[in-house]
Amino acid sequence: MFTSAIALLRPFILFSFLLIFTLFITRVGLGIWQVDRFNDLGTIFTLVFNGLKIDLSTVGYLLILPAIFHPWLMLSKFRKAWLSVLNVIFFFIFMSVLFFELATPAFIIEYGFRPNRLFIEYLAYPDEVMKMLFNGHLPTIVVISSLLIIPSKYIWQSINKLVYTKKTLINLSPLSSALSFIVLFCVLFLCARGTMGHRPINPSYVYFSNDPLINSLTLNSIYSVAHAYKQFGNEENASKLYGKMATDDVIQLIRQETGLTAQAFNSKAQPSFTSRAPFYQGKPKNLVIILEESLGAQFVSSLGGLPLTPEIDKLNAEGWAFKDLYATGTRSVRGIEAVITGFTPTPARAVVKLDKSQHGFFTIASLLEKNGYTTQFIYGGESHFDNMKSFFLGNGFTDIVDFNDIKKPKFVASWGASDEDLFNQANVELNALHKNEKPFLSFIFSSSNHDPFEIPAGVVTPIEYSNEQLAKYDSKELLRHKAIQYADYALGRFIDKAKKQPYWQDTVFMVVADHDARALGNELVPIKNFHIPGVILNSGKPPFFDKRIVSQIDLAPTLLSLIGVTNHSPMLGHDLNQPDASGRAMMQYAENFAYMEDGDVTILQPQKPPVNFEYNFKEKKLIPKLINDKLAKIALAHVLWGSLAYENEWYSSEH
């Protein structure tokens, strides 16, 4: 009985060891690649040990279903057929694990983590993603494909030897099957659960570092993606990640931090709703918002960055520029969310993509439409990408202009028409809107500065770097720099043309980035990679650099005030026309949330206590300090607010 029971267990034991060994080797390899991120040998040992816990959990989840059927099917007349099926299952599992591990280095280079929810989100747009991959990442595709295809025959044969042996086909008894079933189920269940505690193992259980990449390496990539997929079902509930707070306390704190009086809030149905009079009291002005793709302050010399954007530097000298403006996230939809809706960031997907925000969700377009404005979105690519078209049409935008509407584009890249073509069409659209004699909102979203960085030839000349500077950048980063130069050139050319058009005089222009190029580093939240340029033109104010800390969510209230429209909205952002508006910013970095007030930063992590830092603006580094309980509560209130407002429909455009 014991001999036959062990024979039944044997394929699962051997295959489990194969999976664990493979994951161990890839984790060690990634650790060696990123060895400079480790403080000492103890950190490496902790990584390997914690990683083993996740690997055992992964094996448990992957194998428990076939393990349930295996002992009983081996008793039946179908056992040879079942062994063939088991061979296929094992092969598919191993190749899937191998694929995700091979894809990991390229993903880390781009995003600073193992594959996560972004990996899943991009699958919804195969056309755009395939163009990007084949035009900008073909060598990576070739390498991964080769490493999967070339050894696949050997892998198949090896797995076949694990499944088919003389011992596998010995005579079995119901008792031996029952014994092996109990052993397999109990062992794999305990492995999957990973702990005898109240809750099963999860990423926060094995995270141990202040470096997000090291924490990410404790996972394996198939587990990371599966966990991200699971989180989609719980994404509206931030309290599951960061802890609970009474709803009344959340409301009291988020109201307090707006700087408005308690009497300004008079709606029970929408706890954050207020009516704020505008700074400008004349005839309502037009508004044009230009959202620049992936353009961090690190590339803007007037903000202490590289000299890649002379046109933005010129605009900063002409307008109301922000020295310390911070994005709310690391994706375009997060930037759209902040700039167009003023919504606070959450660990969930941006509201642009969520079901309950597709109609009747507040945007500045919905407010301006009620005030007689024509509202328009202009994009050089396919507007359905990232669900933009659906969200905009359901929430106040009356006109969408995208790739199919651009007349004879001179250069078409993977993501659509070039920025020059985009802005040429935008100029046509703005002149047409001006002739209608109605005020208008035009939201223009650029795309040339997006991987794979395809731009027209001969338009810009790359800046010259010293050999020391060149050593810092790989070929892809240099392509990015050239694309940034082109995006800046196209923007400057458009603004120069706009200044000569009849619509210029009565229009406030906002130029702002959606996010930085890449948010990387060994800090829980790399704040320096949330620093972005932003400048308002035709504000009616003399040119100046605003040195307050500003969040993207402050821009919409400020712009409404500048164009003379009363701000009837649930937005929490500050009207920066008020000189006493205090400086604060909030940033969502994967599942970590940062709240910065002046230089004091509280960071919230899933299922962990808050931690506090002082941000050194000169060195662009976080310095640990004792916890600030008051700021920690404010941070928690703000990260919970987004989930509550979405779930309870408190952010409606109807009031």
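This is a predicted model: local features need pLDDT of at least 70, side-chain atom pairs count only at pLDDT 80 or more; totals for chains, interfaces and linings use all residues.
How much space lies in the second largest pocket? About 1,200 Å³.

**First stop: the second largest pocket**

Select Gln 298, Leu 520, Gly 521, Lys 528 and Asn 529, which lie nearest the centre of the second largest pocket among its 37 lining residues. Then colour α3 (79-111), α20 (475-498) and β18 (621-625), the elements that each give two or more residues to the lining. Helix α20 supplies the largest share, three residues. Sorted by class, the lining comprises 14 charged, 12 nonpolar and 11 polar residues.

**Second stop: an aromatic pair on α20**

Remain with α20 and display Phe 494 together with Phe 423 of helix α18 (residues 419-435). A pair of aromatic rings is described by the distance of the centres and the angle of the planes. The rings of Phe 423 and Phe 494 are stacked, with 4.8 Å from centre to centre and 15 degrees between the planes. Because the two residues belong to separate helices, the pair ties together parts that are 71 residues apart in sequence. Are these two residues buried or exposed? Both Phe 423 and Phe 494 are buried.

The whole structure holds 36 aromatic pairs.

Proceed to Thr 218, in the loop between α10 (212-217) and α11 (221-231). Thr 218 counts as buried because its relative accessibility is 0%. A polar atom of its side chain lies 2.5 Å from the backbone oxygen of Asn 215. Beyond its neighbours within four places in sequence, Thr 218 is in contact with residues including Arg 27, Leu 47, Asn 50 and Tyr 207.

Next, select Thr 258, which is placed in the loop between α13 (247-256) and β1 (274-276). With a relative accessibility of 8%, Thr 258 also counts as buried, since buried means under 20%. Which backbone atoms does the side chain of Thr 258 reach? One is the backbone oxygen of Arg 255, at 2.6 Å; another is the backbone nitrogen of Leu 260, at 3.2 Å. Leaving aside neighbours within four places in sequence, the contacts of Thr 258 are Phe 265, Leu 572 and His 574.

**Final stop: backbone geometry**

Most residues other than glycine have a negative phi, and most peptide bonds are trans.

- Select Asp 451 and Pro 452: the peptide bond from Asp 451 to Pro 452 is cis, with omega near 20 degrees. Pro 452 sits in the loop between β8 (440-445) and α19 (467-470).
- Select Glu 437, in the loop between α18 and β8. Although Glu 437 is not a glycine, its phi is positive, about 60 degrees. Glu 437 counts as exposed because its relative accessibility is 72%.
- Select Lys 620, in the loop between β17 (611-616) and β18. Lys 620 likewise has a positive phi, near 55 degrees. At a relative accessible area of 31%, Lys 620 is partly exposed.

Key. Residues are numbered from 1 along each chain as its sequence is written. Side-chain values use heavy atoms; hydrogens and water are left out. On a 1 Å grid over the protein atoms alone, a cavity is a set of points where a 1.4 Å probe fits but cannot get out, and a pocket is an open set with protein on both sides within 12 Å along at least five of seven lines; lining residues have an atom within 4 Å of a point. Grid points are joined across faces, edges and corners, and a volume is the space filled by probe spheres set on the points. Helices (H or I, at least four residues) and strands (E, at least two) are DSSP runs, numbered from the N terminus. Ala, Val, Leu, Ile, Met, Phe, Trp, Tyr, Cys and Pro count as nonpolar, Asp, Glu, Lys and Arg as charged, and the others, Gly among them, as polar. Buried means under 20% relative accessible area, exposed over 50%, partly exposed in between (1.4 Å probe, protein chains only). A polar contact is a pair of N or O atoms within 3.5 Å; within protein, one must be able to donate a hydrogen and the other to accept it, and residues adjacent in sequence count only if both atoms are side-chain atoms. Contact means heavy atoms within 4.5 Å. Rings of Phe, Tyr and Trp (its six-membered ring) pair if their centres lie within 6.5 Å; planes under 30 degrees apart count as stacked, over 60 as edge-to-face and the rest as tilted.
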